[in-house]
Every structure is written in C-alpha cells, then in structure tokens.
Amino acid sequence: MIPEPRSRPTDVTAPPRSALRRVVQEIADLVFASVCAGCGAAGAALCLSCEAELAPRVVRPRSDVVPLRAGLVFDGVAASVLRAVKEEGQTSLIRSLRPALAAAVDDLCAGAGAPRRIDAVVPLPTTRAAFRRRGFRVPEILARGTGVPLLRALSYARRVQDQRGLDARERRANLAGGLVASRAGEGAAALIVDDVITTGSTCAEAARALRAAGFQVVGAVAVAATGRRG
Ligand SMILES: [Zn+2]
C-alpha cells in the first residue's frame, strides 16, 4: 500500500522538537501503512505466521500430457499472496513464493522416472492484455529464480480468451493450438514454469507446442495448484 504523498513542510524555522515528532510520525506511518498480504494484519507486507503458511506442501495435479508439480495448494494465504503479486503488483512478495516453486522442482526431479537433466526453464507467456495490466510477467520472474537458464520459447499463436471463469473443457478448447514455440528445441530438456496450475490445460498446451518444436518436456511446475489433484 502506497502512503499518500505528504505535503512539504513550509515552516523551515519550526523548533527541533516538532521536526523530530514529524520524523517519528512519518516513520510510524511508513511502518503501519504496510498490511500483511496474507491476513491483512498491520505491520509488514507478509507477517511471520503467513510466511510459515507458505512452507511448501507439494501437490501433484493429474495430467495425461505432462508431469505437473506445485509447491502449495492454491487457497488461503498462498492464494492471497499470489493475488497480491498479480493484481496489486506486490512483486517483492515473489521472494516468499520461491521455496514453493523450488520444492515443486525438487519433487519432479526425485524418484523413478525423474528427468536426468533440465537444460532450460520455459515460462508460460503472459497475454498482451495481462502484461499491459501488470507491467511484469510473473512466470518469467519465477523462472529466473530457479537457477536454470531461462528460455522464452513460447508465444501466443493467436488471441486467446481470458481463462478465468472457463471450465476445464472450455479452457482446453480456448487454448487448443493457442501456443507456439518460437525456436527449435533440438532435443533440449525443458521445464515449463507457471504461477498457478488450475486445470493443467495451459501447461498441456505448452508441452504440446514445445514438443512439436523438438523440445523434450520434462514437466511443468508452479507455485500453487487448484482443481483436480492426483
Ligand atoms: Zn499475515
């Protein structure tokens, strides 16, 4: 939350005591202007108990197309923080979501059938409308934090409708053929990164587009997942 701009003091000869009081008040205003994105409590952009709620609990949404992993269930604090990032532009909160994404990657890379390597992380592209609205790309910021080389290999082949409010079947139809790889994969092992997995149809479409261009898609990871769960 951005505090209202304060008017500049005009009385430059004010006694030091009142100047000090003003400084103290300004600091207090700054501190208490922050409210927790998880619970709304005053004090910090994310309180300690909400930060604890973001400790990863990996979920494995079902998919016949591509292995899916998310670090959290999309509800409660996780949903509130993701909304604050996406709709209110509180990008500093992305830091608190990184452990969830890292846990999703670790889970995908453990156990039988795990990929032997990941050559690149490919963020889901942001629609032009969403980028205009936000001014930043959440999947790309998340992907940058994984430590694996980032590859912007996907783009929209045509205009797709906003997925919000569509059911699983409508999402699939809306997205079919909607993504295209902008470069050849030449066998590179790619990991898809998104912020939230809802029905998995966006990740499935991304996997289809990447495979069609010669990528090996090892899976798709997100901070949180909602909907069907395995
Ligand atoms: Zn809180």
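Select Glu-186. Is this residue buried or exposed? Glu-186 counts as exposed, because it has 10 C-beta neighbours inside 10 Å, and the cut-off for exposed is 12 or fewer. Keep in mind that this is a predicted model. Glu-186 is found in the loop between β4 (179-181) and β5 (189-197). Check its backbone too. The phi of Glu-186 is near 50°, a positive value in a residue other than glycine.

Next, select Gly-147. Where does Gly-147 sit? Its place is in the loop between α6 (138-144) and β3 (154-156). Gly-147 is exposed, with 8 other C-beta atoms within 10 Å. Gly-147 and Val-121 are 26 residues apart in sequence, yet their C-alpha atoms are 9.1 Å apart in space.

Zoom out to the whole chain. It has 8 helices and 6 strands. Trace them along the sequence and you read α-α-β-α-α-β-α-α-β-α-β-β-α-β. Of the 230 residues in the chain, 35% are buried. Look at the contacts between residues at least 6 apart in sequence: 74% of them join residues at least 24 apart.

**The sheet**

Show the strands. In what order do the 4 strands of the open sheet lie? The order is β1-β6-β5-β2, and the pairing is parallel. At the edges are β1 (68-73) and β2 (120-123), each of which pairs on one side only.

Select β5. Of its 9 residues, 8 are buried, so β5 is largely enclosed by the rest of the structure. Turn to the β2 side. β2 and β5 run parallel and are joined by 4 bridges. Click on Ala-120 and you will find Ala-190 of β5 opposite. Click on Val-122 and its bridge partner in β5 is Ile-192.

Now turn to the β6 side. How many bridges join β5 and β6? There are 8, and the two strands pair in the parallel sense. Select Val-193 to see one such place: Val-221 in β6 stands opposite.

**The helix across the sheet**

Select α8, residues 201-212. This helix lies across β1, β2, β5 and β6 (216-225), and runs at about 160° to β5. Follow the path from β5 through α8 to β6: the three make a right-handed β-α-β unit.

Is α8 enclosed or open? Of its 12 residues, 9 are buried, so the helix is largely enclosed by the rest of the structure. Colour some of the buried ones, including Cys-203, Ala-206, Ala-207 and Leu-210. Just after α8, stop at Gly-214, which takes a positive phi of about 95°.

**Into the core**

Which residues touch the most other members of the largest nonpolar core? They are Ala-190, Ile-192 and Val-223, in a core of 57 residues. In soluble globular proteins, nonpolar side chains tend to be buried together.

Select Ile-192 and leave aside its neighbours within four places in sequence. Its contacts are then Val-122, Leu-124, Cys-203, Ala-206, Ala-207, Val-217 and Ala-220. Cys-203, Ala-206 and Ala-207 are buried residues of α8.

Last stop: Ala-220, in strand β6. Is Ala-220 buried or exposed? It is buried, with 29 other C-beta atoms within 10 Å. Ala-220 and Ala-204 are 16 residues apart in sequence and 8.7 Å apart in space, C-alpha to C-alpha. Again leave aside neighbours within four places in sequence. Ala-220 is then in contact with Val-66, Leu-68, Ile-192, Asp-194, Cys-203, Ala-206 and Ala-207. Keep these residues selected and turn the model to see how they are placed.

Note on methods: Residues numbered from 1 in each chain as written. Predicted model: local features only at pLDDT ≥ 70, side-chain atom pairs only at ≥ 80, totals over all residues. Core = buried A, V, L, I, M, F, W, Y, C linked by C-beta atoms within 7 Å. Buried ≥ 20, exposed ≤ 12 C-beta atoms within 10 Å, placed from the backbone. Contact = placed C-beta atoms within 7 Å. Pairing = 2+ DSSP bridges. Axes fitted to C-alpha atoms, helices over the stretch in contact; angles between N-to-C directions. Right-handed = clockwise from strand over helix to strand, strands pointing away.
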